[in-house]
Amino acid sequence: MDADGEEVFARDFPPGPLDGLIAFLREQAVTADGGLCCVIDSTNGTLDLHLLTAGLAVCRADPWSLPSRPVDGSVPATELARAAVADPTAITWLAVGSGTLSGRTDAFDHHLRIPAEPQRNFLERGAGQPRVALTFDDGPCPPYTDRILDILRSYRVTATFFCVGLNVAGYPTTVRRIAEEGHTLGNHTWSHPFLPELGMDELTFQVEATADAIFRATGSRPRMVRPPYGAGRPEVLDWLSAQDLDCVLWNNDSHDWAAPGAAAITERVVQQVHDGSVVLLHDGGGDRSQTAAALPGIIERFLADEYAFVGVDSLPPALPGPGT
């Protein structure tokens, strides 16, 4: 019991499979009087879709409703729960279609989305073989990353994987496989936070801890960073540039994170493709079986149109102009 007479206990779950966490929360939901609400904050973007697709109710507590948090993570779970109980109107209920960005997509679109100009991207060219880069975010996450790697290997296709540090720590063998099979590894932060709400110390931890985890798994540090949600502030871009890191976004969003079905994922990607497309797909952050099912159709359509598959890092930065 805490000072207010509330029952309080803590249970830790290590990096890796979330099955144990989800089973535990489902048990609590069954016994909870009035149901269970899972409260996260914007430093934990790796959890929301896993919990939502498992049928759990999830809400977000924002920094202005919480105590100061440590550089390397969220405030304690008890503080997240207290914030939701103290002022239910201050929390935001999340949905599969928008995840952690639920309730703030308008502000994101107008003020926080990183513009296309500073990102590393493809140069548009009207001659030569058209090129496309397949990129996968939020992993590694077995079994989906392994299925995707099997498909890429069967077609002899190269891709780029922007990994979340927590998942790298949980699945170093899968990260090594990505590197050993000739794919490019990128940095997608430690816990998939909403970067505009982070201080510079927190940003530094998110990027450097992930780079360290990838180095431990592969012996190399990634030189590319993809900000979660493509969100940031000018200070974020300035810091990445000062560290000699490339900010990598995308220009072909599959919307596979919304789980619209394999056929819809394939058709959306194919309809948007052009020479220089950077395709956003996901191998983690939730059930990615639809992405794995869509991938052969995407590859075969691109091969039929004679696209070459390349890693993002093998091409020069974009220049300002149409299409960038």
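Select Phe 302, Tyr 307 and Phe 309. Ring pairs link these three residues into a cluster. Keep in mind that this is a predicted model. The structure holds 6 aromatic pairs, and the next stops visit two of them.

Now select Phe 13 and Phe 24. The ring centres of Phe 13 and Phe 24 are 5.8 Å apart. Their planes meet at 50°, which falls between the cut-offs of 30 and 60 degrees, so the pair is tilted. Where do the two residues sit? Phe 13 is in the segment before α1 (19-31), and Phe 24 is in helix α1. The pair links distant parts of the chain, 11 residues apart. Colour by accessibility next. Phe 13 is partly exposed, with a relative accessible area of 30%. Phe 24 is buried, with a relative accessible area of 13%.

Move on to Phe 136 and Phe 161. Is this pair stacked or tilted? The planes of Phe 136 and Phe 161 are at 20°, under the 30 degrees cut-off, so the pair is stacked. The ring centres of Phe 136 and Phe 161 lie 5.1 Å apart. Show the strands as well. Phe 136 belongs to strand β4 (residues 131-137) and Phe 161 to strand β5 (residues 160-163). The pair therefore ties together parts that are 25 residues apart in sequence. Both Phe 136 and Phe 161 are buried.

For the last stop, select Phe 215 and Arg 221. What sits over the ring of Phe 215? The charged end of Arg 221 does, 4.7 Å from the ring centre.

Methods: Residues are numbered from 1 along each chain as its sequence is written. This is a predicted model: local features need pLDDT of at least 70, side-chain atom pairs count only at pLDDT 80 or more; totals for chains, interfaces and linings use all residues. Side-chain values use heavy atoms; hydrogens and water are left out. Rings of Phe, Tyr and Trp (its six-membered ring) pair if their centres lie within 6.5 Å; planes under 30 degrees apart count as stacked, over 60 as edge-to-face and the rest as tilted. Helices (H or I, at least four residues) and strands (E, at least two) are DSSP runs, numbered from the N terminus. Buried means under 20% relative accessible area, exposed over 50%, partly exposed in between (1.4 Å probe, protein chains only). A charge sits over a ring if NZ of Lys or CZ of Arg is within 6 Å of the ring centre and within 35 degrees of the ring normal.
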